[in-house]
Amino acid sequence: MKKILRAFTAFAAVFTLIALSGPAHAGTTETDAELAAEWQYAWDTYKFYDRTPPAPDSGRSQRTASISIVINAPAWRVFDVYSNFNNHIGRNPFLTRVVTHKDWCWGNARYINLTAIEQVPYDGTIVDLKTHAQQRLYRSKLYYEVDSWSAPGVETHQKIVFKALSKGKTEVTEHLTFEADNSLIDFTVTNGVAAHQQIQTALKQAIESGEL
């Protein structure tokens, strides 16, 4: 927990230079409609749904990682709990709110456009980090995907696969791709993976205990 807090504090310092000034505050000032407009701007401008690796001379890098965990519960139950980002609140150490902008089904997938709000302590104030994302759920095939963007120019691409095991257990594997400026890529990968591992562990405990 302390390691992740230090990491996100360092990230917050970078973000602060871009987006924050003034005294401590307890939440974003934007309305849900304003956050939806920010989401659309990010989607159109940064095209974070594009998974093409950056060009060698672009100043950006892309790295991948995979992490797995076995949860003692049936795959369908694990999928439904794990894929609901509201269940990550309180288990992700900084996630405070998930704002859904649009939720619809097309073909065999469910699409959700959302913004996740994280509040990170930094130097006596609270930095609001906003991650704009699209989640695509393929429940019949037991996997979902997420593409996201957050300042300062960090993109993540995720594919989370749920594999039914014997004795009613489920293996959850997160295939993670991180993209950021060259100066931030090592930090982004190291601490992004650590954060996902912490969330995995917290969800496993909540599901197995019956809390979720």
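1. Accessible areas here come from the Shrake-Rupley method with a 1.4 Å probe. On that basis, the protein chain of this predicted model exposes about 10500 Å², of which carbon and sulfur atoms supply 53%. Of its 212 residues, 50% count as buried.

2. As to overall architecture, the secondary structure of the protein chain comprises four helices and seven strands. Along the sequence these elements follow the pattern α-α-β-α-β-β-β-β-β-β-α. Among contacts between residues at least 6 apart in sequence, 60% join residues at least 24 apart.

3. The crossing in which H3 passes H4 is right-handed.

4. The residues that form this contact can be listed. From H3, Arg77, Val78, Val81 and Tyr82 take part, and they meet Gln200, Leu203 and Ile207 of H4. By class, the contact of H3 with H4 has five nonpolar residues, one polar residue and one charged residue.

5. The burial of H3 should be read together with that contact. Its buried residues are Ala75, Val78, Phe79, Val81 and Tyr82. Val78, Val81 and Tyr82 are buried, and these residues are also among those of H3 that meet H4. The cover over the buried residues of H3 includes H4 as well as strands S1 (60–71), S4 (125–138), S5 (143–150), S6 (154–164) and S7 (170–181).

6. Strand S7, one of the elements covering H3, also contains aspartate 181. Is this residue buried, partly exposed or exposed? Its relative accessible area is 31%, so aspartate 181 counts as partly exposed, given that this class lies between the 20% and 50% limits. Leaving aside neighbours within four places in sequence, aspartate 181 is in contact with Gly59 and Arg60. The C-alpha atom of aspartate 181 is separated by 8.6 Å from that of serine 58, a residue 123 places away along the chain.

7. A further pairing across the sequence involves alanine 37, which is located in helix H2 (residues 32–46). Alanine 37 has a relative accessible area of 48% and is therefore partly exposed. Between alanine 37 and histidine 101 there are 64 residues of sequence separation, and the C-alpha to C-alpha distance is 9.3 Å.

Terms used
Residues are numbered from 1 along each chain as its sequence is written. This is a predicted model: local features need pLDDT of at least 70, side-chain atom pairs count only at pLDDT 80 or more; totals for chains, interfaces and linings use all residues. Side-chain values use heavy atoms; hydrogens and water are left out. A crossing is left-handed if the near helix is turned anticlockwise from the far one by less than a right angle, and right-handed if clockwise. Helices (H or I, at least four residues) and strands (E, at least two) are DSSP runs, numbered from the N terminus. Contact means heavy atoms within 4.5 Å. Ala, Val, Leu, Ile, Met, Phe, Trp, Tyr, Cys and Pro count as nonpolar, Asp, Glu, Lys and Arg as charged, and the others, Gly among them, as polar. Buried means under 20% relative accessible area, exposed over 50%, partly exposed in between (1.4 Å probe, protein chains only).
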